Amino acid sequence: MPAITLPDGSVKQFDAPVTALEVAESIGPRLAQAAVGCRVDGEVRDLSTTLGADCRLEIITETRKGESGKNEPDPDALFLVRHSCAHVMAEAIQRVVPGAQLVYGPPLETGFYYDIRFPDDRPLKEGDFEAVEKEMANIVKEDRPFTRYELDPNEGMTKLKAEGSKYKLDNAERALAASGPEAKLSFYATGEPGKNWEDLCRGPHVPSTGRIGAFKVMSLASSYWHGDENSDRLTRVYGTAFFKPADLQQHLDNIEEAKRRGHRVLGKQLGLFHFDEAVGQGLILWTPAGSTIRKELQNFIAEELRQQGYSEIFTPHIGRLDLYRTSGHFPYYAESQYPPIVPREELSRLAQEGCSCAELGNLMASGEIDGYMLKPMNCPHHIKVFASRQHSYRDLPVRLAEFGTVYRWEQSGEIGGMTRVRGFTQDDAHLFCTQDQLDEELQGCLSLVKIIFDALGMEDYRVRIGLRDPDSSKYTGDPSNWDKAEAACRAAAKTLGKPFVEEPGEAAFYGPKIDFVVKDVIGREWQLGTVQVDYNLPERFGLSYIGPDNKPHRPVMIHRAPFGSMERFIGVLIEHFAGAFPAWLSPEQVRVLPISDKTAAYATKVESALKARRVRVSTDDSSGRVQAKIKAAADEKVPYMLVVGPRDEESNTVSVRARGIQKDLGAMPLDDFVKALDTEIATRGKETVVSKFA
RNA sequence: GCCGCUAUAGCUCAGUGGUAGAGCGCACCCUUGGUAAGGGUGAGGUCAAGGGUUCAAAUCCCUUUAGCGGCUCCA
């Protein structure tokens, strides 16, 4: 008879099998009332689960005791509520839109979705949300129990076939295939089986619909069955649910707040960049303010590159198609590139030969045409720089760096903000080295990442190593070199002192890689930089160096763009700093705020003294009061405000106010401020003006 | 590319078929004020573009372009 071990270590003996709910009741009525599910030996289950054998049991309630001893939300509890709410929403939707076929509805970290196939003549629109939510409210109000029952595979499949949903049949087949021979199919009725709405589902669920305290239908998206774009198009309905209306409201407020902190909003507010329909989708126009940030950041990176023995080069934005045939990028990636630029002569020659528009299109797509391409990557150009002279092993490694602008034809629906664009500038470099040098070169690449992330205070990134599939033949290069390269990637990643994940099968076909991934304000992950080992391109381009044996050898290449693109990186950086850039990066570093016209001359003197040290400074000589000038400078996130009035003029001081500090820091001799700011900028914020007041 | 939503002044947004609005910003005038919005006057619009319905369209319909949230993709 079951002995149930509770989280506090105590053991309860029962004479006969009991349900988790009965155990909860035996502990206390309040616990039983608060319970939404349970964990049996760590696995989340229904509260109605019958316990026939010894086990560890935890009753799941909205909150649990955290490690600190304080109550914290139990993620499994929300998971149960949301998974259950997905059923409630699905039932409601089927009431609103008869004929809607359910596909798959899992909980997510912030809610849930249900993929649904709607009749072609009756898609779901946002305007339907109100009706759906009303139905949901009714179902919740009825407080119907979630009732689980199981059928053996034959019965279950017969039932599903009778219902006629190929999606549910498919789900059932997959579920059976994934589990053992005694598998059963489980169904959940929202109420009484056979009488109320039900769904094929593995569960678990909360005891009844009334436990869903607050919910909202959020948005619509299209999706593909099994994620396959050639398969059926489905409509994905997103929703979320919480225990309490206040939690839902908090969640909605957080979403609004995140939007305000997003780089698109801040970028517009601060005038950092601009998109223009007339220029084209995904093509960024950097305004003066944004350009300043980018330039300062590039200068910083370039300084570090020089120190690490890189040579900076410049190469053109376009190149002949032939180059990309050699590299293998064309026509393989033709669809994600801007179409080739075909010279006039070539076009008229083809026209004279009677080439039709359709034929021309085919020639363009297959690349059987002479022309140029906007470069989709920088490596071929860099390789040609490397190959422009003969190299001795003594020259290696050769490290060629360029802030190289590339163009890619991203799908129109994918483009947005600065994080996904069609023209972008990589902080690119290609290293040509011997196999023996690989280890050290990879570590060098990563140390650069560390230096720059540290300087910017970016700690919230993760590292991912892409390795080859053990049993795949799709990779080029000698397996023993792969082993070495993978070991080198691992060793290099360790030097970062960050946890990293290894993902087999995620390598490029030409070599393993290390990626850096960060999150944006709404929690989406973006890949920033990448460091990739490449055995393929040196082969394709026949690269060589002369070894100590006086014979030609093949170099190994490393592609590395540790910050990915300036566009994406600065987009992420805007959010990282919430628009309040440190002084060295700030478009405007200081604003002088004269109390009145009477101090205009002194304000000019202050401005000139700063300009002489190349500080980006302006003077607010508007006729408003100083309070208004402070408000304006604060809104524009200027790091330092210098209020100057007759008192300052007399003593040759400035009254300093730093961004983010709500009060006047006090007066400081003008010369001291200039020096202190100079130091702050030169040290990139390691020593600050503010610290002088401490 | 797919689904949904959206597009009105430099910005944020109101405007349900009948003369285009507000706040902020901008210009000018008054105010010369010591630490987060002083007051007044004024300029500024082919209502994203194109087509349609209508006596009449910012408003209804279609197409296109662009933005947002997802899906798919991302060398």
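Two strands are taken to pair if DSSP finds at least two bridges between them, and helices (H or I, at least four residues) and strands (E, at least two) are DSSP runs numbered from the N terminus. The structure is a predicted model, in which local features need pLDDT of at least 70 and side-chain atom pairs count only at pLDDT 80 or more, whereas totals for chains, interfaces and linings use all residues. Residues are numbered from 1 along each chain as its sequence is written, and side-chain values use heavy atoms, with hydrogens and water left out.

Strand β22 (residues 398-407) is mostly covered, 10 of its 10 residues being buried, where buried means under 20% relative accessible area, exposed over 50%, and partly exposed in between (1.4 Å probe, protein chains only). In a regular strand the side chains alternate between the two faces of the sheet. Both faces of β22 are covered, with V398, L400, E402, G404 and V406 buried on one side and R399, A401, F403, T405 and Y407 buried on the other. With strand β23 (residues 423-433), β22 pairs in the antiparallel sense over 10 bridges, and E402 stands opposite D428 in β23. The pairing of β22 with strand β19 (residues 311-312) is parallel and runs over two bridges, L400 being the bridge partner of S311.

An open sheet of five strands, with mixed pairing, has the order β32-β31-β33-β34-β35. Strands β32 (617-619) and β35 (666-669) stand at the edges, each with a single partner strand, so one side of each is left without a neighbour in the sheet. The twist averages 30° from one strand to the next, where axes are lines fitted to C-alpha atoms, for helices over the stretch in contact, and angles run from 0 to 180 degrees between N-to-C directions. Helix α18 (residues 600-611) packs on this sheet, touching β31 (590-594), β32, β33 and β34, and its direction makes about 170° with that of β32; contact means heavy atoms within 4.5 Å. Helix α21 (residues 670-682) also packs on the sheet, touching β31, β33, β34 and β35, with its direction at about 90° to that of β35.

Note on methods
Chains are lettered from A and ligands numbered from 1 in the order in which they are written.
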